[in-house]
Amino acid sequence: GDRSLSWQPYGLLKPTALGKIPGRFQLHQEALPHLPVPPLQQTLDRYLLALQPIISEEELNHTQELVAEFRKPGGVGERLQKGLERRAKKTENWLSDWWLKTAYLEYRLPVVVHSSPGVVLPKQDFLDRQGQLRFAAKLIEGILDFKTMIDNETLPVEYMGGKPLCMNQYYQILSSCRIPGPKRDSIVNYAKGKKQSRHITVVHNFQFFELDVYNSDGSPLTTDQLFTQLEKIWNTSLQTNKEPIGILTTNHRNSWAKAYNNLLKDKTNKESVRTIEKSICTVCLDAPMPRVSEDIYKSRVAAQMLHGGGSRWNSGNRWFDKTLQFIIAEDGSCGLVYEHAPSEGPPIVALLDHIVEYTKKPELVRSPMIPLPMPKKLRFNITPEIKNDIEKAKQNLNIMVEDLDVKVMVFHQFGKAFPKSEKISPDAFIQLALQLAYYRMYGHACATYESASLRMFRLGRTDTIRSTSVDSLKFVQSMDSPDKSDQEKADLLRRATQAHREYTDMAIRGNAIDRHLLGLKLQAIEDLVSMPELFMDTAYAVATHFNLSTSQVPAKTDCVMCFGPVVPDGYGICYNPMDEHINFAISAFNSCADTNAARMAHYLEKALLDMRILLQSTPKSKL
């Protein structure tokens, strides 16, 4: 939703003289409320309401019977609800472990495109290797500056609507990595404990390097020192015919798990892989992208951030299991890609905003040039079997690359200042425009997912704002109907945005329906009882088949996050509303004949403009 985040320092805890405040994070976390289990009857009523605009009357009648059965006193629903309530009493967060497993670690599709979001940063004005490496050095220094705040626990707490938020995700994004497993992956985190990571991984021409980023006295390397080290890396990785070992991380998780075990049989390989996994983050120095015209440039960069452009371009210049990978190409295009399991977008963007601000600062000190050791090149022994795994991964990846249709649209006509001037939530306005665009394209509404932050609660992740509502459908149906006056349409528009605002508030307070229903379903599995009919119903399948998967990720930086669709016939839509423009990234699959990212962008633009005209031509109503 769009509760804007504000930074405020911790209440009474003043930084000590040392600037290090051990235990402060713990104190803050323990003061946060636990995620509630919503009342059962409330969720079931809201579920029926959410189904109304997306399924037929006949299907709805059938589901009403199943709900009536499920909610009977002493029935299966109550039993499962009690189980959830017991779980909530004995855990820090009844949902977080389940969610991590079902949404991420047990998900078997490749993380590339299907899970990991990318971020497109504004094009930098360097044009050569010198500029690329200087920018990379400055960026690394910015990352280390942010890391100091995390390590010292001096990161300012974020607030949403006056409430402090869980800061746990910030402690998970550096020095962490996903490890493939045959049925379920896991995450390792080297941020805590005695053996803290002191290095980052740098990749250039498919070759990996361990770059120590701290001096022996514990102080971070300066931009000058980092630049020198990056130059050494560059000059010792000029060969362009190396095996792209990183391509293995793009494969289906089961295939990658097999290849991973195979790879690690060799001692040298194992050491190299562990070095990547333990690193603070990865910096990818990419080859320039093929030259394209200005208007499709940003869309091409989005694809580079999501998948690297294929095995012939930069896809081998990655380790996709690494939580954070910063990407800097010779031609000035840059951004990042992150593995989604440890964190949502906002903490990533907060880190990014910090780094971007940092890179703008003038350099304070020219460092004394103490000779630094040569960064260590990571070696890999490629057996015929591993070579075969790489070839298979390349083929699968290239199919995925060809299939992804991604479009970055900068909507220049207005930004969030306009809906605000009409006293409408910008997020609700944009979501309603998406509903209108989809309805005009397809003639019906669809299940729509918008992520809502649960960070008001300890270890909170997300729940779903269901943007398709009875009110949104009424509005989109009226919009192009000749027998409705502009005033009626405008009233329906305002009512629909109001309904969205209310759903958002409900969701961030832990009262949405999707995670609760999932919890009841997982509780049934855990209790080894037969699966309730409610979850075997077509309506439940329709309700969770999100043709529109959307997220607002606001940033100070003029960037945009992007991710793939979550269903084969759907769209992935991410947006960053700035004051006077809105950045959108829209993705779809070419293998689906019914979806097209550019067409969606066109309809979305028209919807936004039509909604503005409608509001401007009607007085603010008496709603």
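Which backbone oxygen does the side chain of Thr595 reach? Keep that in mind, and I will come back to it after a walk through the chain.

First, some ground rules. This is a predicted model, in which local features need pLDDT of at least 70 and side-chain atom pairs count only at pLDDT 80 or more, while totals for chains, interfaces and linings use all residues. Residues are numbered from 1 along each chain as its sequence is written, and side-chain values use heavy atoms, leaving out hydrogens and water.

Let's begin with the whole chain. The protein chain holds 20 helices and 19 strands; these are DSSP runs numbered from the N terminus, with at least four residues of H or I for a helix and at least two of E for a strand. Its C-alpha atoms fill a box of roughly 75 × 55 × 55 Å along the principal axes. The radius of gyration is 25 Å, which agrees with the value near 25 Å for a compact globule of 623 residues. That radius is taken over C-alpha atoms, and the globule rule is 2.2 Å times the number of residues to the power 0.38. Of the 623 residues, 59% are buried (buried is under 20% relative accessible area, exposed is over 50%, partly exposed is in between, with a 1.4 Å probe and protein chains only).

Now to the sheets. Strands of a sheet pair through backbone hydrogen bonds, either parallel or antiparallel. Here, two strands pair if DSSP finds at least two bridges between them.

Leu285 has Ile328 in strand 10 as its bridge partner.

The other sheet I picked is open too, with six strands in the order 13-19-18-16-14-15 and mixed pairing. Its edges are strand 13 (404–411) and strand 15 (462–466), each with a single partner strand, so one side of each is left without a neighbour in the sheet. Strand 13 pairs with strand 19 (residues 582–589) in the antiparallel sense, over eight bridges. For example, Val408 has Ala585 in strand 19 as its bridge partner.

Follow strand 19 onward and we get back to our opening residue. Thr595 sits in the loop between strand 19 and helix 20 (597–616). Is Thr595 buried or exposed? Thr595 is buried, with a relative accessible area of 7%. Leaving aside residues up to four places away in sequence, Thr595 touches Tyr442, Asp569, Gly570, Tyr571, Ala588 and Phe589, where contact means heavy atoms within 4.5 Å. And the side chain of Thr595 reaches the backbone oxygen of Phe589 at 3.5 Å. There is our answer!

Finally, visit Glu78, in helix 4 (residues 76–90). Glu78 is partly exposed, with a relative accessible area of 27%. Beyond residues up to four places away in sequence, Glu78 touches Leu40, Phe70, Lys72 and Pro73. Its side chain reaches the backbone nitrogen of Gly74 at 3.0 Å.

Definitions and conventions
Polar contact = N/O pair within 3.5 Å; in protein donor to acceptor, adjacent residues only side chain to side chain.
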